[in-house]
Amino acid sequence: MDKIVTRDLGEQPIAKIMIELGLKSNDLVVNSTEQITHKMVSRAAKGRRLNLKIQYRILNALNKASARKYELRDIFNY
């Protein structure tokens, strides 16, 4: 039948982590070794559903910018 996909999943843990660490979207974009945009980071924080490849890019940028080791389950709750 029809499968309804929820696209807006509410604020994600990555938003709180970035606030606690004092990081802005630009910090993740600059520290990324892969191509990510400010829009991708913004959508991740707001809870818009991202594909797994983009989630990993955001994760890698956050780990590099924060010098910590987060996992996907730490920054996304979907």
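## Contacts around Leu50

Contact here means that heavy atoms lie within 4.5 Å. By that criterion, and with neighbours within four places in sequence left aside, Leu50 is in contact with Met40, Arg43, Ala44, Gln55, Phe76 and Tyr78. The model from which these contacts come is a predicted one.

Leu50 lies in the loop that joins α3 and α4. Along the chain, Leu50 and Ala65 are 15 residues apart, and their C-alpha atoms are separated by 20 Å.

## Overall architecture

The chain contains 5 helices and 0 strands. In sequence order, the pattern is α-α-α-α-α. The helices are α1 (13-21), α2 (25-31), α3 (38-46), α4 (52-66) and α5 (72-75).

Taken along the principal axes, the box filled by the C-alpha atoms is roughly 45 × 25 × 20 Å. Among contacts in the chain with a separation of 6 or more, 59% are accounted for by residues 24 or more positions apart.

## Surface and charge

Buried residues make up 36% of the 78 residues of the chain. The chain exposes about 5,400 Å², of which carbon and sulfur atoms supply 49%.

With regard to charge, the chain carries 15 positive and 8 negative side chains. The centres of these two sets lie 5 Å apart.

## The nonpolar core

In soluble globular proteins, nonpolar side chains tend to be buried together. Which residues touch the most other members of the largest nonpolar core? Among its 21 residues, these are Ile14, Leu28, Ile58, Leu62 and Ile75. At least two residues of this core are supplied by each of α1, α2, α3, α4 and α5. Helix α4 provides the largest share, with 5 residues.

The surroundings of Ile75 illustrate how one of these core members is placed. Apart from neighbours within four places in sequence, Ile75 is in contact with Gln12, Pro13, Ile14, Ile17, Leu59, Leu62 and Tyr70. Two of these partners, Ile14 and Leu62, are themselves among the core residues that touch the most other members.

## Ser32 and His38

Ser32 is located in the loop between α2 and α3. With a relative accessibility of 14%, Ser32 counts as buried. In sequence, Ser32 and Asn63 are 31 residues apart, whereas in space their C-alpha atoms are 9.4 Å apart.

His38 belongs to helix α3. The relative accessible area of His38 is 40%, so this residue is partly exposed, a class that runs between the limits of 20% and 50%. Beyond its neighbours within four places in sequence, His38 is in contact with Ser25, Asn26 and Val29. From His38 to Ile19, 19 residues apart along the chain, the C-alpha separation is 16 Å.

Thr6 and Thr33 are 27 residues apart in sequence, and the distance between their C-alpha atoms is 30 Å.

Ala67 is found in the loop between α4 and α5. At 70% relative accessibility, Ala67 counts as exposed, because the threshold for that class is over 50%. What is the phi of Ala67? The angle is near 60°, a positive value in a residue other than glycine. Most residues other than glycine have a negative phi.

Conventions: Residues are numbered from 1 along each chain as its sequence is written. This is a predicted model: local features need pLDDT of at least 70, side-chain atom pairs count only at pLDDT 80 or more; totals for chains, interfaces and linings use all residues. Side-chain values use heavy atoms; hydrogens and water are left out. Helices (H or I, at least four residues) and strands (E, at least two) are DSSP runs, numbered from the N terminus. Buried means under 20% relative accessible area, exposed over 50%, partly exposed in between (1.4 Å probe, protein chains only). Accessible areas come from the Shrake-Rupley method with a 1.4 Å probe; for residues, only the protein chains shown count as cover. Lys and Arg count as positive and Asp and Glu as negative; His and the chain ends are not counted. The place of a charge is taken as NZ of Lys, CZ of Arg, CG of Asp or CD of Glu. A nonpolar core is a set of buried Ala, Val, Leu, Ile, Met, Phe, Trp, Tyr and Cys residues joined through side-chain atoms within 4.5 Å.
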